[in-house]
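Biologist: Could you walk me through this structure, one question at a time? I am new to reading models like this.

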Amino acid sequence: MENISAEEELKNMIIEDLGIRMDFSDVFSCLKSGARYELMDGQGKGEEAAKKAIEKALKDFANLKDAKSIIMNFELHPDYPMLELANAVEIVHDGVDEEVEVLWGTSPVKLFDIDLVKVYVVVVL
């Protein structure tokens with residue numbers, strides 16, 4: 001995957017005008033909730049591509065229980081099944097305390113195969 005700075009990905013999560021966008025005030029609130037953040041990325045292909053992408057992104061992250069908030073942006077084909085995406089996001093919700101805010105959005109990429117998903121995850125600590 002291409003190298004992208006955390007700041008660049010956060011900007012993309014907010015200002016792109018397609019897909020499910022996140023509100024700037026929500027993103028700002030999440031970032032303010034911690035002292036630092038880590039940016040990870042992952043890619044999945046095939047059945048349960050979104051789940052695979054999240055698992056790859058978080059594979060080297062020691063403990064989601066340390067998170068204050070989590071921000072995710074998925075790049076995927078516009079026709080990717082939303083139920084499959086929601087099930088993948090639920091994995092993250094299940095791995096954190098109830099108080100942890102989990103924001104997510106999508107950026108549709110028509111050139112992607114329908115079974116390809118990339119995810120950028122910002123974990124605020």
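Biologist: Leaving aside neighbours within four places in sequence, which residues is phenylalanine 74 in contact with?

Modeller: Keep in mind that this is a predicted model. Phe74 is among the residues with the most contacts inside the largest nonpolar core. Leaving aside its neighbours within four places in sequence, its contacts are Ile54, Leu85, Val89, Trp104, Gly105, Thr106, Ser107, Val117, Lys118 and Val119.

Biologist: Which element gives the most residues to that core?

Modeller: Nonpolar side chains tend to be buried together in soluble globular proteins. Here the largest core has 27 residues, and the elements giving two or more of them are H3 (49–58), S2 (69–76), H4 (82–94) and S4 (116–124). With six residues, the one that gives the most is helix H3.

Biologist: Is serine 107 buried or exposed?

Modeller: Serine 107 lies in strand S3, residues 101–108. Its side chain makes a polar contact of 3.2 Å with the side chain of asparagine 73. Its relative accessible area is 3%, and buried means under 20%, so serine 107 is buried.

Biologist: Which strands stand at the edges of the sheet?

Modeller: The open sheet has four strands in the order S1-S4-S2-S3, with mixed pairing. An edge strand has a single partner strand, so one side of it is left without a neighbour in the sheet. The strands at the edges are S1 and S3.

Biologist: How many bridges join S1 to S4?

Modeller: These two strands run antiparallel. Methionine 40 stands opposite valine 121 in S4. The number of bridges joining S1 to S4 is nine.

Definitions and conventions
Residues are numbered from 1 along each chain as its sequence is written. This is a predicted model: local features need pLDDT of at least 70, side-chain atom pairs count only at pLDDT 80 or more; totals for chains, interfaces and linings use all residues. Side-chain values use heavy atoms; hydrogens and water are left out. A nonpolar core is a set of buried Ala, Val, Leu, Ile, Met, Phe, Trp, Tyr and Cys residues joined through side-chain atoms within 4.5 Å. Buried means under 20% relative accessible area, exposed over 50%, partly exposed in between (1.4 Å probe, protein chains only). Contact means heavy atoms within 4.5 Å. A polar contact is a pair of N or O atoms within 3.5 Å; within protein, one must be able to donate a hydrogen and the other to accept it, and residues adjacent in sequence count only if both atoms are side-chain atoms. Two strands pair if DSSP finds at least two bridges between them.
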